Amino acid sequence: MLDLRQIREKTDEVRDGFARLGVAVDLDAVLALDERVRRLKNESQTIAAEQNKLSKDIARAPSPEAREAAKAVGAALRQKIEGLVAALGVAEGELETKLLELPNLPHPSVPVGKDDGDNKIVREEGVKRSFSFAPVPHWDFGAQAGIIDFDRGVKVSGSRFYLLKGWGARLQRALISLMLDLHTQKHGYTEILPPFMVRRESLVGTGNLPKFGDNLYRDAEEDFWFIPTAEVPVTNMYRDEILDGADLPIKHVAYSACFRREQMAAGRDTRGIKRGHQFDKVELVKFVRPETSLDELTGLLADAEDVLKVLELPYRVVQMCTGDLSFSAMVKFDLELWAPGCNEWLEVSSCSNFGEFQARRAKIRFKDGKGSGKDGGKDKTRFVHTLNGSGLALPRTLIGVLETYQRADGKLDLPVALRPYFGGDEVVG
RNA sequence: GGAGAGAUGGCCGAGUGGUCGAAGGCGCAUGAUUGGAAAUCAUGUGUACCGAAAGGUACCGAGGGUUCGAAUCCCUCUCUCUCCUCCA
């Protein structure tokens with residue numbers, strides 16, 4: 001959510017931001033509503049002050065007659081206030097709805113562009129493996145090795161479901177462990193195992209609702225929502241809290257299953273395990289001081305990249321242009337690994353700096369000062385900046401490993417980093 | 001799922017219709033005291049919004065109601081705890 005004050009006082013900057021995003025936003029409607037809200041608030045509060053004063057006078061009981069007369073005046077005032085407050089409520093609701101649907105503004109450093117064709121490839125890391133045979137895509141390799149069962153996945157759950165079997169399942173579990181171990185032991189993140197179902201408010205906090213509800217699964221009876229990413233429960237851990245500035249940055253890493261409808265993408269990426277309704281992911285989430293957030297994003301990206309480095313998988317870093325930024329992001333970088341079997345770059349991580357956009361929605365703030373943070377109110381309470389990134393998404397990382405380390409005989413050479421999770425074995429299959 | 005109890009400021013905890021934004025304690029901040037610290041004493045200590053300011057408004061889990069006036073009375077909901085039931 002954007003700062004209403006910013007919209008009011010720096011309207012041109014905001015307008016310019018939306019122009020760079022390439023989205024049409026009726027800012028004048030927002031400003032008019034804001035005007036109306038403040039006017040109604042002032043009017044009702046003025047009368048409320050009058051009313052409060054009157055009530056106190058009644059308590060001091062001048063005479064029974066005077067009291068009755070004052071009561072009548074009070075009743076009239078109440079009527080007036082009720083009318084104004086009702087109008088205020090409506091106006092505030094409209095304003096809130098509009099604000100919740102405004103996307104975040106891009107950081108000035110983000111390259112302007114129309115769509116993903118204008119994204120900027122920042123750099124390429126690692127060396128693509130050269131094969132002495134023609135590498136096969138993971139769907140063939142996995143089926144032949146008996147570790148990915150597409151047919152039974154569809155039988156059990158429907159299209160876009162599969163199941164992993166034998167050493168394939170173990171490989172995925174090993175990858176999850178490797179990522180969690182790396183981020184907790186080497187990069188200093190605290191591990192969280194979050195709920196995979198959340199309540200509605202949590203999704204509003206991260207920006208998934210109200211706008212993107214049709215990509216989510218939910219249990220209508222209980223109004224429980226299945227998380228599309230661990231970002232949702234982990235970011236909302238600190239919803240409505242005022243954190244101690246001394247505790248920042250807070251760094252969390254969380255494994256979770258993720259659930260997405262992918263309605264829009266029907267027919268795309270249908271082969272293999274690239275895109276499903278359910279997938280595993282290890283997610284990195286940071287809560288930081290505003291002035292450090294750009295540097296923290298660089299660090300987060302490096303932490304995610306480290307997984308690919310440790311697995312010795314070639315990848316590239318892509319910066320999203322303004323036209324391809326997600327709703328909540330201010331800056332965003334993707335990591336794409338090279339899949340030699342499918343012969344394409346696959347997005348395995350998306351690292352974003354949300355600025356205070358999510359923090360404002362979820363009311364995640366911090367304050368400097370020792371102990372309880374109540375130090376005489378000298379330090380201002382401010383919104384934190386939130387960041388997150390995959391570290392990494394499992395199915396596509398699995399694709400990278402399977403396609404890069406495949407052998408002509410249908411077995412798999414294990415990357416050195418994974419061997420401890422297989423009792424030291426160098427080959428599986 | 002059934003029965004009961006509860007939800008007050010950073011924490012503990014008082015408060016059953018007006019002088020309560022809320023006693024008291026803890027914690028914290030500042031000052032005094034000290035060679036330094038502890039202890040002690042004094043003062044101060046919520047959030048948000050409106051306003052240039054003075055000041056005002058709202059908030060005692062959430063939402064509604066009664067009343068001139070609600071932390072206090074009524075209704076609905078949410079959450080927590082205890083017991084039973086069920087269950088990985």
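**Salt bridges and sheet packing in a predicted model**

E125 is partly exposed, with a relative accessible area of 24% (buried means under 20%, exposed over 50%, and partly exposed in between, with a 1.4 Å probe and protein chains only). The structure is a predicted model, in which local features need pLDDT of at least 70 and side-chain atom pairs count only at pLDDT 80 or more, while totals for chains, interfaces and linings use all residues. Residues are numbered from 1 along each chain as its sequence is written, chains are lettered from A and ligands numbered from 1 in the order in which they are written, and side-chain values use heavy atoms, with hydrogens and water left out.

The side chain of E125 meets that of R123 in a salt bridge, at 2.8 Å from N to O (a salt bridge is a side-chain nitrogen of Lys or Arg within 4 Å of a carboxyl oxygen of Asp or Glu). R123 is partly exposed, at 30% relative accessibility. By this rule the count comes to 26 salt bridges.

A second salt bridge joins E344 and K274, with 2.5 Å from N to O. E344 lies in strand β13 and K274 in the loop between β9 and β10, so the pair ties together parts that are 70 residues apart in sequence (helices, H or I of at least four residues, and strands, E of at least two, are DSSP runs numbered from the N terminus). E344 is partly exposed at 25% relative accessibility, whereas K274 is buried at 13%. Salt bridges with shared partners also join R8, D34, E35 and R38 into one network.

Within helix α3 (residues 27-59), E43 and R39 lie four residues apart, about one turn of the helix. These two residues form a salt bridge, and their closest N and O atoms are 3.6 Å apart.

Eight strands form an open sheet of mixed pairing, in the order β1-β11-β12-β13-β16-β10-β9-β4 (two strands pair if DSSP finds at least two bridges between them). The edge strands, each pairing on one side only, are β1 (120-125) and β4 (190-192). Strand β1 pairs with β11 (residues 315-319) in the antiparallel sense over five bridges; in β11, V318 is the bridge partner of I121.

Helix α10 (residues 293-310) packs on the sheet and touches β1, β10, β11, β12 (331-339), β13 (344-353) and β16 (contact means heavy atoms within 4.5 Å). The direction of α10 makes about 10° with that of β16 (axes are lines fitted to C-alpha atoms, for helices over the stretch in contact, and angles run from 0 to 180 degrees between N-to-C directions).
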